Amino acid sequence: MGRIPTAELCRYLLSGQLSRRGCVHLRRPIAATAAWHPTTRPLQPSRPSRARPVTTRSFASQAHNAGANADTLDTATSSSLTPPRAPVPPVVALRKQLKEQKKKKKKKNVDNQTVPGWELTVGIEIHAQLNTARKLFSPAAASFNDPPNSHVALFDAAVPGSQPLFQPETVIPAVRAALALGCAIQPVSRFDRKHYFHWDQPAGYQITQYYHPFARDGRIVLYARDGIAPEDGDRVEIGIRQVQLEQDTAKTTAHPGGVHWLDLNRVGLPLIEIITLPQIRHPATAAALVRKVQTLLAAVDACVYGMEAGGLRADVNVSVRRAEDAHAPAGPLGTRTEIKNLSSFKAVEDAIIAERDRQIAVLEAGGVVQGETRGWSLGSTETRRLRAKEGEVDYRYMPDPDLGPLVIGDDLVAHLASSLGVLPDTEIDELVERRGLSSKDALSLTTLDNGARIQYFYNVLGALEERLGLGGGDADGDQRHALLAANWCLHELGKLTELPSELGMTRDGECRVPSADLAAILSHLHRREITARVAKELLWCVFRGEIATGGVTQAIDEHGLWFKELSEAEYAEIADLVAEGETKVLGEFLRFKQGKAKAYPHGKLMFLVGKMMRAGPEERMDPAAAERIMRARIEDVYLPAMEAGV
Amino acid sequence: MARPRLPLLTRAPRRFTTPSIRRHQSSSSSSSSTQTSPPSKPHHDPYALLSTPTWSIRSLLPPKPTTSSTTTSTTEAETEPEESTITPTKLAHLLRLSALPQPTSASETAEMLATLRAQLHFVRAIQRVDTRGVAPLQAIRDETAAGLREASITLATVRDALAREEVVGRCRRPRRPRREDGGSGEGVVGAEEESWDVLGCAQEKVGRYFVVRSGKGDGDGDGMADGVE
């Protein structure tokens with residue numbers, strides 16, 4: 001038994017009233033008394049009257065009655081009560097309490113984007129490995145999974161006397177990435193040294209571009225389809241402060257006993273660091289930004305390994321300030337903390353939410369947020385401190401005296417800008433606006449199979465338009481065929497096999513189902529020359545190789561799969577057959593017609609259509625046509641007959 | 001700067017030399033420049049000129065507290081600005097940043113502090129030079145227009161790499177050809193640069209890996225930073 005509240009103690013000592021709250025076994029005697037009836041006068045027990053909470057919810061109805069009884073008791077005796085009754089919290093059942101706790105813990109990110117009264121500010125630094133043949137300052141080969149320490153030049157191992165030698169080909173993916181992010185390429189930029197000691201950096205310093213980066217002032221536009229927070233609306237634009245070239249460090253694998261194995265293949269690989277402006281206000285938008293940057297860099301062939309493979313890493317800077325201070329846009333931001341070691345998009349969002357909540361808790365308790373570096377691991381609920389205040393690590397940036405300035409010619413920038421190709425946003429916009437696909441479908445199509453599925457779709461669409469005789473250039477017409485092709489490329493192809501690799505999708509957009517064959521199937525389907533069921537069967541046969549390439553039409557001929565639809569009269573005949581004796585069902589339609597029912601009995605209609613399909617020759621019937629005809633028959637023939645008959 | 005200048009020799013000696021020598025300075029050329037003395041000036045004896053030093057680098061070092069010979073140094077006894085006094089704590093921090101061993105005794109600390117103070121005095125004297133309008137030299141490179149043109153990366157420089165790329169898909173996006181397993185895709189790249197015994201100077205190794213031992217549970221010790229910055 002816990003501590004007795006003062007109010008109850010008061011009541012007992014001063015007026016002899018004992019609270020029975022929570023004493024379940026004592027409730028029963030009240031209701032179990034044989035002569036008790038709600039209309040009789042309430043019992044006046046010899047014991048002092050009981051003070052009960054007015055709002056008891058959870059016990060059985062007996063207790064509820066007893067509670068009601070107690071109310072009358074209370075009102076009878078409360079007038080004589082001198083000490084005021086303290087507010088007693090309602091008793092909540094244990095099961096409900098546990099449920100609420102679980103719900104709180106599993107609070108979805110969707111509800112977690114804003115905290116009222118506080119404004120979140122997030123800035124992101126993304127490190128992406130460039131897709132080059134050689135490293136940044138040495139001619140050793142850039143590799144990803146080769147045997148350890150097999151591509152190490154003297155400079156990478158920081159052998160005394162070795163000098164850096166800038167490799168010009170690294171400029172190509174770097175400039176492409178900066179152009180895709182809308183940055184202005186600086187004609188002259190310089191390299192600086194960032195000094196710190198760690199075993200994964202043999203030289204003791206990292207060559208980066210701190211003072212004069214090669215690209216500045218870009219922007220990235222995020223749309224609702226990219227998965228930004230709903231609070232950000234339709235579209236949000238995040239500025240990019242700069243993009244700079246820098247070196248990567250060695251790969252370390254940890255082993256028990258404080259032992260680490262080093263692979264220097266990765267030392268000196270070219271990285272770009274993309275630093276955004278602190279304009280992000282919601283965690284989901286931050287995750288969407290990292291995802292979009294990965295997509296953009298892959299599209300321009302600047303960075304081909306994603307976050308899961310370790311080719312892209314993100315560090316996040318988080319700060320909060322009160323909503324009142326936020327109204328002055330030039331006002332100071334709160335102290336920021338940096339979160340490192342984020343290895344997936346979900347981790348980015350979860351870590352920002354956890355850090356924001358921690359900072360708000362610290363500030364609300366009256367504390368001060370320390371500017372420090374924190375880490376996050378999958379499955380945690382809070383970030384943990386990695387390193388103390390910012391000022392303790394001094395990188396002593398200095399211009400690198402061994403390297404000359406990086407001068408990028410205007411002609412190269414112009415050439416790269418003109419040969420970037422169509423960027424993903426433009427492609428998706430075209431699919432949505434011109435072809436009528438939904439954003440979700442367009443996104444899925446362009447990202448599946450590393451961009452091969454969309455090529456397949458274009459091939460199928462081209463062949464389909466040729467077969468249907470639709471001019472490719474004129475796209476103002478009906479795009480139903482494009483939607484059909486998209487649905488089949490996305491969903492039907494996916495149903496064929498569990499593993500996407502079994503489809504054998506090549507980069508040019510061909511797979512085990514040749515695009516010409518799929519276009520043949522779809523053209524027949526579009527013209528309603530075959531049913532959907534037959535079309536799916538054909539697809540399956542083509543996938544398994546049972547139908548030779550180009551032999552779709554022939555196979556339909558051979559197996560007699562053409563859709564010889566019933567005529568209207570035959571449909572009507574079957575409808576009459578089915579509707580005989582279904583007076584009860586037809587009665588529902590009558591009730592709707594007479595206004596007695598609120599909604600059209602669609603379910604009953606489909607029941608009748610199903611009966612039709614079973615009654616008639618199914619391979620010659622189209623469910624949509626059967627429904628239409630049944631509906632018409634009901635309206636025109638059966639209901640008037642019933643009305644006349646009644 | 002294209003050419004290193006030596007402004008000190010024309011200015012600093014004025015403070016540290018006696019009037020007689022100063023007369024020599026104003027009339028003769030500086031010792032290391034290649035200017036010849038104008039023919040109208042009177043003939044000087046080179047041996048006499050060069051026998052007495054007119055400037056010593058000691059002028060840039062802090063005055064020794066015990067000596068009294070350099071009377072001119074006392075006029076130069078500038079006090080260290082307060083904020084730049086090196087305390088033992090600061091010394092320890094600087095040594096940690098450079099991964100140098102900490103001093104083991106008080107005398108060693110005092111010696112290090114004295115050396116550091118002398119070095120800073122020298123640096124401040126150098127910093128007093130007027131460099132308004134002069135861009136700092138970052139590396140000794142040819143920064144004339146012709147030199148910049150030669151060093152710039154143009155279309156011609158990377159023509160080969162661009163020629164090896166393929167254009168893929170309806171969106172005409174360029175792609176660098178890669179081997180399926182993620183290798184370089186261009187045959188043996190950089191073979192000569194990589195063909196040395198990488199693990200030869202490893203203190204400890206396992207298979208083809210270098211082995212490093214960290215302190216017990218010490219991922220980021222004093223002054224050390226974590227992973228990729």
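Buried area is the accessible area, taken with a 1.4 Å probe, that two parts lose on being put together, summed over both. Between chain A and chain B that comes to about 6,400 Å², and carbon and sulfur atoms give 56% of it. Keep in mind that this is a predicted model, where local features need pLDDT of at least 70, side-chain atom pairs count only at pLDDT 80 or more, and totals for chains, interfaces and linings use all residues. Residues are numbered from 1 along each chain as its sequence is written, chains are lettered from A in the order in which they are written, and side-chain values use heavy atoms, with hydrogens and water left out.

Let's stay at the interface for a moment. With contact meaning heavy atoms within 4.5 Å, 89 residues of chain A touch 57 residues of chain B. F197(A), W261(A) and R507(A) supply 9% of the area that chain A buries against chain B, more than any other three residues.

Now for the charges. Side chains of opposite charge can pair when their charged atoms come close. The rule for a salt bridge asks for a side-chain nitrogen of Lys or Arg within 4 Å of a carboxyl oxygen of Asp or Glu, and four such bridges turn up across the interface of chain A and chain B. R173(B) and E427(A) meet in a salt bridge through their side chains, at 3.0 Å from N to O. Over all chains, the structure holds 43 salt bridges. Inside chain A, E237(A) pairs with R219(A) at 2.9 Å, N to O. That pair links distant parts of the chain, 18 residues apart, with E237(A) in strand β9 (residues 235–247) and R219(A) in strand β8 (residues 215–223). Strands here are DSSP runs of E, at least two residues long, and helices are runs of H or I, at least four, numbered from the N terminus.

On to the helices of chain A. Axes are lines fitted to C-alpha atoms, for helices over the stretch in contact, and angles run from 0 to 180 degrees between N-to-C directions. Helix α14(A) (residues 515–526) and helix α15(A) (residues 532–543) come within 10 Å, axis to axis, and cross at roughly 170°. They are therefore roughly antiparallel to each other, a label for angles over 145 degrees. D517(A), L518(A), I521(A) and L525(A) of α14(A) meet A532(A), A535(A), L538(A), L539(A) and V542(A) of α15(A). By class, that makes eight nonpolar, no polar and one charged (Ala, Val, Leu, Ile, Met, Phe, Trp, Tyr, Cys and Pro count as nonpolar, Asp, Glu, Lys and Arg as charged, the others, Gly among them, as polar).

Further along, α17(A) (residues 568–579) packs on α19(A) (residues 602–615) at about 115°, with axes 9 Å apart. That makes α17(A) roughly perpendicular to α19(A), the term for 65 to 115 degrees. Y571(A), I574(A), A575(A) and V578(A) of α17(A) meet L608(A), K611(A), M612(A) and A615(A) of α19(A), a contact of seven nonpolar, no polar and one charged residues.

Note on methods: Parallel < 35°, antiparallel > 145°, perpendicular 65-115°, else oblique.
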